Structure formats: C-alpha cells, structure tokens
There are 6 protein chains.
Amino acid sequence: MPYVNIRITNEKVTPAKKAQLIQGVTTLLKDVLDKNPNTTVVVIDEVETDNWGIGGETVTERRKRGE
Amino acid sequence: MPYVNIRITNEKVTPAKKAQLIQGVTTLLKDVLDKNPNTTVVVIDEVETDNWGIGGETVTERRKRGE
Amino acid sequence: MPYVNIRITNEKVTPAKKAQLIQGVTTLLKDVLDKNPNTTVVVIDEVETDNWGIGGETVTERRKRGE
Amino acid sequence: MPYVNIRITNEKVTPAKKAQLIQGVTTLLKDVLDKNPNTTVVVIDEVETDNWGIGGETVTERRKRGE
Amino acid sequence: MPYVNIRITNEKVTPAKKAQLIQGVTTLLKDVLDKNPNTTVVVIDEVETDNWGIGGETVTERRKRGE
Amino acid sequence: MPYVNIRITNEKVTPAKKAQLIQGVTTLLKDVLDKNPNTTVVVIDEVETDNWGIGGETVTERRKRGE
C-alpha cells in the first residue's frame, strides 16, 4: 500500500532504468517493512533542468559549468 | 481552500473528463466538509506508463500483457 | 491505480467524514475514468492552520477574523 | 535541506523567471530560518490549464472568459 | 539531487527501519542512476490509518477485518 | 492560483516564522510572475528528523554529530 514518489531531473533515463528503480524500491519496502509488493505504487517524475533548483540556481546553470 | 492532487496514468484522458473530475471533487468537498468551491484547487498529473509502477513493474509492462 | 492526495486544514474532521471522502473520490474515478477501485489510493493530509497560507497570511489569522 | 515544490499553470514562464523564483525562495529560507542554500532544493511544476481546476472548473475555461 | 517521498501508514515504524529505508533508497539511486548520495533527499510521511484509503475504504476498516 | 509546498524539518519553527515564509513566497510569486496573492496557497510541512534523510542517513544522526 505504500506510495513512493521519485523526483529526478529529466536527463535521458531509459525505460529499463526506470523499471529497475521501481523494482528496487518495491523490494526494499518488502524487505524492510514487509509491505505487499502488489499494492506498492511507485511514481517517477522527470523534471526539466530549468525547473530544478539547488544552491539557489537551476541545474541547467550547473550543468553548463560541468557540475 | 483544499488542495487535491489526482495522479493518473497518461492514457488519453479528454479535457471533458478532466473537467468532470475537477467538478466532482470540488462538489464532494463542498458536500462532505462544506469547503468553499471558489478556493478549492484540483491539480491532475498525467504520468507516463513507463514512470508508474505497481507490483514491482511498470504499467507499460502490465499493459503489454493486457492488464 | 490512481493516487489522490487531499490536503485540508486540521479542523476536527471525523473518521466518518474521511471515510466519505475516500469513498466519494474512489467512486468518482470509477465513474469518470473507469478506474479500478481496488487499486485506487486516497491519502488525506490534515495541515495545522498555522502551516496553511492563503492570500499571504495563515489560516489561523483568517479564523481569528471570523473568516 | 528544505524541499520546496512550486506548482503553477503552464503559461510561458521563461527560464529567467524560473531562475528568479528559485533564487528568491532559497534566499527567503536562508533569511527566515537560516537554512543552508547549498542543500535547499526547489522544484517547479508547470501544469497544463486543462489539468488545473479552481472553483470547480478548469483554468482553460476561466481563461476563455478572460479571467 | 533526487527527492524521494515515501508515504506509508503510521504503524509503529522504528527509527532503525526508517534509517534502513533512507539508506536503501539512496543506494539504489546511486547504483541505478549514479546519483550523488550527498544530495539525495528522502522524506518519509507516516499517515494515520483513518486517512489512508484503498478500495474505497480506510485502512482502519481493513485492519479491523484482519487485512 | 499557485500552490507551494515547503517541506522542512520539525525543529521549533514559530508561528511568526511560518507567517513570514507564507508572506514571502506569496509576494515573490506576485513580483516574478504577477500571480494573484488572494489565490496563492502555501502549505508548510514539518517533518520529524527521524523521517528526513540526506546523504543516506537521517537528520537525527547528523544533528547528533553537530551538523
């Protein structure tokens, strides 16, 4: 029954990688809290780098500097 | 003043259906809790099936099996 | 499979009212989008009036003025 | 370490405006709560006007009436 | 830089279990997407069973039936 | 009409500080995007330090080390 929301920057994450994240989080919740995988929901949000800020600036700016 | 966030998979939901959801939730909050419709906010997020997981796998995989 | 998050101020909402909201939203998603009620998740967050702002001020302040 | 999520309608917000929002919120959290800007995360979600409801109707409808 | 929000019912999860979840998710994001653990944020929300609905009813009701 | 969610650790933030955050964010959205303050909603979530992770560990652990 858990609901997990993973928010990451939109930088070419493949469907295979997303499937790995979903499986990994679902397994973790089963292992740590014995949560039923059948009702564990995982939603991945991919956010444009213009829309993600850290340290007071956008990730777009940071990427330009090679960070 | 309530804020409601509805998250669904992105599978061709028409603007008319979205309007129905928004109206329905707003009316429900008026009926059950007497919340003022004028300040009730409803936001619908449509999530790609690659990004939505349940039962440890993506909805894309489930749809391939006809589920 | 939808996930719905209802955020309201924490002002003595009874368990019966919460159950009504949950049932109402689940039925709405079934009626409008034919979503399976068995996997529809609804989470209600009750937020203290000090922590909810609208119009640039807290709901606590508004309630003091009788709004 | 704060996490701030700003949700607005998707109506041609420029990258420069987004950068201003991110900087402004980060500075506010430093000024008011002495939060370290280096670990303050700000995520902006732009939501289609069909998907945003207020007063029981979509913003698309309201915009048509010039509101 | 990812932000992960884990929402579970409030049913006596110990601090040690929470620490395991946080470590597990952070490691997963490092392994799958090479995300820097130092800026990965994980927030766990524990929700009262009266406030969590699935299948159109509260978890409180389900627990009463031994589910 | 914007909705802003500020998530911080629960470490004795006074009502006055919360009111400052709400006012500050509302003013920022007015100044940068000309958003109407009357319908700008700001919700502050205070999260226990056991439930907030960064760098793979809880904030509780970090606070113990004086960070």
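**Ground rules.** I am working from a predicted model, where local features need pLDDT of at least 70, side-chain atom pairs count only at pLDDT 80 or more, and totals for chains, interfaces and linings use all residues. Residues are numbered from 1 along each chain as its sequence is written, chains are lettered from A and ligands numbered from 1 in the order written, and side-chain values use heavy atoms, without hydrogens and water.

**Helix pair.** I looked at H1 (residues 15-33) of chain A and H1 (residues 15-33) of chain E: their axes come within 10 Å and cross at roughly 160°. (Helices are DSSP runs of H or I with at least four residues, strands are runs of E with at least two, both numbered from the N terminus; axes are lines fitted to C-alpha atoms, for helices over the stretch in contact, and angles run from 0 to 180 degrees between N-to-C directions.) That makes H1(A) roughly antiparallel to H1(E), a label for angles over 145 degrees. I noted that residues on both helices make the contact, among them A:Leu21, A:Gly24, E:Leu21 and E:Gly24; contact means heavy atoms within 4.5 Å. The contact residues divide into 12 nonpolar, 4 polar and 2 charged (nonpolar is Ala, Val, Leu, Ile, Met, Phe, Trp, Tyr, Cys and Pro; charged is Asp, Glu, Lys and Arg; polar is the others, Gly among them).

**First sheet.** I traced an open, mixed sheet of 8 strands: S4(B)-S3(B)-S2(A)-S1(A)-S1(E)-S2(E)-S3(F)-S4(F). Strands pair if DSSP finds at least two bridges between them. S4 (57-58) of chain B and S4 (57-58) of chain F are the edges, each with a single partner strand, so one side of each has no neighbour in the sheet. S3 (residues 52-54) of chain B pairs antiparallel with S4(B) over 2 bridges, and B:Gly53 has B:Thr58 as its bridge partner. H1(A) packs on this sheet, its direction at about 140° to that of S2(A).

I found another open sheet of 8 strands with mixed pairing, S4(D)-S3(D)-S2(B)-S1(B)-S1(C)-S2(C)-S3(E)-S4(E). S1 (residues 3-9) of chain B and S1 (residues 3-9) of chain C run antiparallel, joined by 5 bridges, and B:Ile6 stands opposite C:Val4.

**Rotation.** I checked chain F against chain E: a rotation of 120° with 0.0 Å of shift along its axis superposes them, RMSD 0.0 Å (least squares on C-alpha atoms of residues with pLDDT of at least 70 in both). That is the relation of a three-fold axis. In chain F, the C-alpha of F:Asp45 comes closest to the rotation axis, at 5.8 Å.

Note on methods
Angles under 35 degrees count as roughly parallel, over 145 as roughly antiparallel, 65 to 115 as roughly perpendicular and the rest as oblique.
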